[in-house]
Amino acid sequence: MSKGIVYLVGAGPGDPGLMTVKGRDCLRLAEVVVYDYLSNPVFLDDAPAAAERIYVGKSKGRHYAPQDEINALLVEKARAGKIVVRLKGGDPYVFGRGGEEAQYLHRHKIPFEVVPGITAAFAAAAYAGIPLTHRDYTTSLGLVTGHEDPAKKMSSLDWEKLATGVGTLVFYMGMANLRVIAEQLMAHGRAPETPVAIIRWATTPRQETVVATLADVVVKAREAKIKPPAVILVGEVVNLRDELRWFDNRPLFGKRVMVTRAAAQAREFAALLTALGAEAVCCPTIETVAPADWTDLDVAIAGLPRTDYLILTSANAVRFFFARLTELGQGVRALAGVKIVAVGPKTAGAIEERGIYADLMPSDYRAEGVVELLIEKGVKGSRVLYPKANLARDLIPSKLRAAGALVSDPVAYRTIVPEGDGVRIRAMLAAGELDVVTFASSSAIDNFMKMVGDEAPHLLDRVAVASIGPLTTKTALRQGISVAVEPEQATVDDMLAALIAYYQTRP
Ligand code: SAH
């Protein structure tokens, strides 16, 4: 029996956290993903790398793939025995033509399942601070298409019943017909002072909301230059937004903040920024790559049976060392007789992830601490392996050798400046796409200059530069970069607090 099946999956409104667990599970199984414009591209990362990804949405110079073609494609892939995920924005059965696709599959005897998604109306309401129903204001809700078939010109809507028979109304695809919607509702008995909210790009860092009344919504929408994709929410519940707003009034909401730290540390920092409402744009100014030549490390790995101590001083060292061990066809068992020294808890945690524990850890989480700990143990005549970064200090090998140890210190990884990304950074700065660029070290500034080039100070004039502290600021000034934000204490948390304070004084 063929295993071909189609899952019609709702991706939700845009925030990747708003897809269902079941939807994500389907994506993980997918062999073919057929997706639209509105589903955020990050969802595709959940599908296996080998899965075929087929885009059927709108693109420049080309309209949507015709519905017939999409239907035929789903049938063809399922008949070929594939697990097909048809990923749609919001909910597949709300103005998404999911119903037509399911009917077509049914007629062609293709098994299918439907995984609901959070539809734009629900998401926009929640993220704009507007309960769709509320006992004091309304007990009914209508979802309406504002666009309909252009040929039909929205004439098939029963305006009278909509205007007076339903409490809260949410129009999808209605921006082109905003004037008609407002006029018809008023003409059919809805009060002109009825509040309206237009919510664009709901749940994303680009979310925008315009609040008006039926009487002035056309003017206010024009003034605010608000465009699709947006939902138009009509009803008394809109007034609750003043009290219940929570998403778009977070301190850094809507700010695009570039993080220049290395990928590993950037993730944590980016999460903090996101929680404050900002959109973090990660552009590491430092990257770790494999050594130019593995010979030294391979020789050291071959010598593991005669090794007493393995010293690991960073999560990167752990990552590259264990990756090479695996590549050489050896598992953690090769470390059976070796005592593993981790410089600190982060490194120890990284070792643990490989299914093995560190035996020793100094109380001072630095190279100095490692040296002291091992000298205390007595390393005279011991064989020590220290896989290191190309630019690592010589402290550990020199001190341990002086204490009589036989130290092998092969390069396990190199740190480099990813100069190629400079083009991308230059383009973002030139296009005014960033609000803030953050620097958490002097080397981040120096590397940034190498990547972006001499125009960097000039391009950075368009953004607020945040520096973590006086040393970093000094380097910035030396490079001709002016700094707008600097905290009193040189920590990431304090830099964020300073950034919030900066935006409190200017919107
Ligand atoms: N199936 C989708 C709707 C597709 S129709 C769903 O259930 O949400 C496309 C319309 O959905 C857009 O014109 C807009 O009105 C609305 N929409 C989709 N995503 C949106 C978002 N993030 N913010 C505001 N409106 C959105």
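How many nonpolar, polar and charged residues does the shell around the ligand have? By class, the shell holds 13 nonpolar, three polar and one charged residues. Nonpolar here covers Ala, Val, Leu, Ile, Met, Phe, Trp, Tyr, Cys and Pro, charged covers Asp, Glu, Lys and Arg, and the others, Gly among them, count as polar.

The model is predicted: local features need pLDDT of at least 70, side-chain atom pairs count only at pLDDT 80 or more, and totals for chains, interfaces and linings use all residues. Residues are numbered from 1 along each chain as its sequence is written, and side-chain values use heavy atoms, with hydrogens and water left out.

The ligand is surrounded by 17 residues, the closest being Asp 91, Val 94, Thr 119, Ala 202 and Ala 230; a residue is near the ligand if one of its heavy atoms lies within 4 Å of it. Polar contacts (pairs of N or O atoms within 3.5 Å) involve several of these residues. A polar backbone atom of Asp 91 is 2.8 Å from an oxygen atom of the ligand, and a polar side-chain atom of Thr 119 lies 2.6 Å from an oxygen atom of the ligand. A polar backbone atom of Ala 202 is 2.8 Å from a nitrogen atom of the ligand. Of the 550 Å² of accessible area that the ligand has on its own, the protein covers 91% (Shrake-Rupley method, 1.4 Å probe).

Domain 1 (5-118) and domain 2 (122-244) both give residues to the shell, so the ligand lies between them. The domain bounds come from an automatic or database domain assignment.

Definitions and conventions
Polar contact = N/O pair within 3.5 Å; in protein donor to acceptor, adjacent residues only side chain to side chain.
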